[in-house]
Amino acid sequence: MDDRSTARVFRRHLRRGAELPPPARRQELAGTGWFGLTIPGEQGGIGLGQVETVLLARELGRVLHPPSDLDALLVAELLAAAGSGLLRAVCQGELRVSFTALEHGGESAGAPPRLRVDPAGTGWQVSGQRGFAGESDLLVLPLSAENGEVGRLIVLPSARAGITVHHQPNLAGRALYRVELDAVKLVCEDVVALPDADGRYERCLANARLRHAAYLTGLAAESLLLAAEHAGRRTQFGGSLLEKQGVAFPLARMSGELRGLWLLVLDLAQRADVGRDIRQPAAQVLATAARLSVAATSWAVHVHGAAGLRVGTPVERYFRCAAVDAAMLGAPAATAADAAALYYDGYPGRRSESAPPRRQRPTSVDVAGAVPGGVSRPCVHKLFEAQARRTPDAVALSQGVTHLTYRSLNRRADALAQRLRHRGVGPDVVVAICLDRSPELVIAILAVLKAGGAYLPLDPALPPDRLRLMFTIAGATCAVAEEWAGDWLPASISPMPVDHGTSAPAEPVPAPSPENLIYVMFTSGTGGAPKAVAVTHAGISNRISWDASRFPLDGSDAVLQLTSIGFDPSVWEIFAPLCSGARIVLPLPGVERDPDQLIDLLAQERVTALTLVPALLSSLLDQRPGLTGVPSLKWVFCGGDTMSPGLPARFAAASKARLHNMYGPTEASIDALWWPCDDKSYHVGVPVGVPIDGVGAEVLDERGMPSLPGFPGELCLTGRGLARGYLHDPARTAERFVPRPAAAGDGGRMYRTGDLAFRRVTGEIELLGRTDRQLKLNGVRIDPQEVELALRDCPGIDDAVVVRADGPARLVGYVTGAVADGQLDAVRNSLRGVLPRALVPAQLIRLDRVPTAPSGKTDYAALATTGRTVPRPATRPHEYESELEHDIAALFAQILEVDSVRPDDDFFVLGGDSLRAARLVSAARDTLGLSASVTSLVTAPSVRGWLNLIQRGDR
């Protein structure tokens with residue numbers, strides 16, 4: 001077999017994950033020996049790339065090959081680069097070699113001191129100590145390149161005078177040897193010099209570190225596999241040990257960490273293959289691999305119990321091997337657990353020190369184009385006033401045939417602002433606004449800000465009890481609303497309508513401070529009450545300023561105001577155009593719920609910028625002609641929920657606009673991170689990207705330290721975008737808005753988002769899930785505890801658990817108590833009177849009891865095996881009056897993902913929402929040829945009622 005054929009066979013062999021061939025077969029694979037596969041072809045090897053080499057190293061770890069194999073693999077590339085005559089003997093196993101790719105020392109606890117090379121008469125001598133993992137004929141000691149010019153390998157026979165080997169027995173077959181060098185005299189043949197002008201020597205060391213990390217991930221992963229298999233066979237308290245949270249969760253966590261580490265190793269290997277600098281991250285990855293391998297193998301021993309401690313068992317051998325390697329790498333005993341405490345920064349930059357520093361708490365905000373601390377930006381209503389002076393006759397907003405110019409909008413807002421000031425509105429005074437989407441809504445928002453106050457947006461579609469609760473929590477003093485709002489307002493407050501008149505400009509009002517409130521917006525919260533997020537002018541000014549620099553709008557642009565006024569993207573939809581001379585487009589009532597009408601509106605109004613949730617974007621892409629019929633679009637901003645990996649490619653195929661993935665909780669002033677999506681499908685997840693200007697982002701572990709790339713942690717935000725906190729709720733404010741670790745005396749704060757995330761090697765952040773039970777459904781934040789408390793207040797219900805259903809995006813509630821199955825629909829109807837529609841579970845399922853784990857806590861894993869659908873009697877064909885009615889019922893069932901639908905079943909009672917309604921209308925048009933609207937389905941939500949409405953021509 002020639003070398004090329006050998007390489008092909010070996011590559012296939014590795015990528016299939018098969019076990020390594022026996023020693024006899026290794027010699028057949030390459031004329032230079034087993035590890036000659038990693039040597040360049042011009043030196044007699046086959047020249048596997050770094051990716052194939054780390055695959056080989058990982059396989060060595062899986063099957064626990066002897067230390068001489070691993071060390072030969074690590075040192076081969078260095079010996080080849082030096083042109084050493086020892087290369088062939090080492091690769092063919094004629095000489096056993098001991099090598100460690102970490103030459104540094106002294107910077108961290110437990111690390112050996114640096115090797116000292118001192119003059120000794122006519123020669124040189126070396127002193128120090130090192131740990132190795134096996135008995136050997138040769139010791140290979142790497143030294144750092146001097147001034148970036150020359151790197152040196154010291155190659156010493158282990159029997160040389162002055163070398164003392166202390167053997168620390170280890171029954172895993174990989175023993176720890178502590179080698180002391182006491183003024184060992186060197187001869188010329190002992191020192192191998194490698195020119196490092198192009199960084200070749202340091203690259204070889206980095207590659208060796210990467211291979212060793214791959215070896216450790218292999219043995220750790222194999223030990224966890226053994227632990228999982230053993231736990232699956234053992235039983236405890238009548239069930240499999242693997243089903244217990246105390247075993248399953250740590251195994252899942254460590255498996256995830258190892259998976260992240262392995263992906264990082266592969267990524268670095270790919271970068272090394274194309275000549276990228278991986279020196280710093282390779283050292284950090286190796287230290288992290290040492291920590292994780294010790295943690296994983298020790299946990300595997302723990303799962304095996306007493307059997308795991310028996311000498312010679314596979315799990316015991318993996319553990320001892322990992323412990324030896326961690327100690328050898330300069331992290332003996334307890335310091336092995338801290339091996340990951342290396343702070344990652346500056347990849348792929350180069351540090352001046354040869355050793356990576358210990359990881360430290362962040363001392364500054366990670367800000368791209370940060371705003372200087374003393375700089376304050378104008379408030380957004382002041383920017384609008386300046387724009388109104390520049391372009392007074394330009395159209396500021398449109399709704400159907402109604403148009404308002406900047407001059408008219410400004411004057412009407414001034415008139416209402418005067419009336420508000422007469423009612424005592426000023427800085428930090430909260431004014432409720434409860435109006436339908438209309439020009440009057442925009443006028444009211446501007447007026448409140450002009451009066452110096454903060455507005456509280458209230459969606460008129462919310463239940464009156466909910467509106468009353470939000471008004472009370474926010475401490476609002478007056479309300480701009482229609483007369484009907486008097487039904488839920490306190491008796492002492494009468495609603496203030498928006499007049500159509502204008503007035504002369506009043507006396508100037510001092511501009512509010514950047515730290516004054518601009519609005520108060522509610523999110524779902526625990527304790528039975530929603531949380532009132534108090535957002536300041538500074539955060540919104542920073543966000544609008546960044547947007548103007550990144551996505552500049554002008555008089556030719558139009559922005560669709562699509563988001564409900566109770567969600568913060570609406571703030572951008574209003575102020576981004578008004579601060580730049582562009583036009584706001586307000587859809588007529590009901591248009592926002594119908595994808596066909598929405599696309600028609602986008603095309604007719606020549607909308608150029610649009611923000612929406614991923615589910616609605618996906619629905620628009622399903623329409624025909626869809627976004628291909630909106631050539632005016634330039635920017636589409638998608639946020640509020642996780643973007644599916646295939647959505648960017650679908651969007652790119654339908655539109656020439658740029659798609660951006662946005663991320664930001666209400667507590668961070670609309671958006672904190674952003675990511676310009678490529679026109680491709682993502683294999684894993686679409687990142688949320690990097691911070692916008694003036695905002696910082698850190699991914700922190702449970703100790704408050706920055707997580708290494710690829711490792712999960714809680715996403716925390718800093719900078720100018722942070723809200724003041726939760727209004728009139730200091731306890732919850734203190735829980736989430738915490739002092740920034742090691743803030744440099746500037747009173748810096750940090751918001752703990754509760755989102756689980758990791759940072760990629762290239763710097764962008766990707767979300768993984770939540771650290772708590774909070775959910776996101778179609779862009780709406782939902783705290784299940786708030787829904788559960790509302791359910792427990794219902795008659796006949798003792799306990800309740802609310803979870804997100806598998807598959808479709810909907811809530812499912814499990815209840816216990818005297819309530820009967822036939823009463824569950826009545827319970828859902830009662831919830832509609834106190835909760836927003838998005839928080840009402842699509843289904844309620846009665847249980848005899850809520851399953852609990854042995855710890856007494858709710859067993860959510862057991863709930864996953866409980867039926868997710870309410871049992872329904874089978875539908876009989878004769879119940880339908882026509883074949884068309886039967887076909888519509890089948891579409892209902894398909895969209896709602898239920899077994900059957902009766903003619904009189906309510907689409908929304910069965911779990912339908914506006915997005916599913918849009919899908920139903922689209923499916924009815926495409927498959928049945930029916931022309932209808934979402935509005936008609938809202939009017940008549942049953943199969944029979946909707947069909948009758950369509951046949952009467954009321955669409």
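Author: Happy to. This is a predicted model, where local features need pLDDT of at least 70, side-chain atom pairs count only at pLDDT 80 or more, and totals for chains, interfaces and linings use all residues. Residues are numbered from 1 along each chain as its sequence is written, and side-chain values use heavy atoms, with hydrogens and water left out.

Reader: Where else is the pLDDT below 50?

Author: Residues 867-874 are below 50 too, and they have 25 contacts beyond near neighbours in sequence. Where pLDDT is low, the predicted coordinates should not be read in detail.

Reader: And what's the mean pLDDT of the protein?

Author: The mean is 77, with 72% of residues reaching 70 or more. Confidence is highest in strand β19 (residues 583-585), at 97, and lowest in helix α2 (residues 23-29), at a mean of 46. Helices (H or I, at least four residues) and strands (E, at least two) are DSSP runs, numbered from the N terminus.

Reader: Nice. Which residues touch the most other members in the largest nonpolar core?

Author: L409, L420, F575 and L578, out of 77 residues. Such a core is a set of buried Ala, Val, Leu, Ile, Met, Phe, Trp, Tyr and Cys residues joined through side-chain atoms within 4.5 Å; buried means under 20% relative accessible area, exposed over 50%, partly exposed in between (1.4 Å probe, protein chains only). Helix α12 (residues 439-450) gives the most to this core, 9 residues.

Reader: What is F575 in contact with, leaving aside neighbours within four places?

Author: F575 meets V380, I445, L446, L449 and I544.

Reader: Switching to α11: how many residues does it have, and how far does it reach?

Author: Helix α11 (residues 406-422) has 17 residues and reaches 25 Å from first C-alpha to last, close to the expected 24 Å, that expected span being 1.5 Å times one less than the number of residues. Its buried residues include L409, R412, D414 and L420.

Reader: Last one: how many disulfides does a search find?

Author: The count is 0, a disulfide being a pair of cysteine sulfur atoms within 2.5 Å. For C677, the nearest cysteine sulfur is that of C638, 7.8 Å away. C677 is buried, at a relative accessible area of 6%, and C716 is buried at 2%.

Methods: Contact = heavy atoms within 4.5 Å. pLDDT = per-residue confidence, 0-100.
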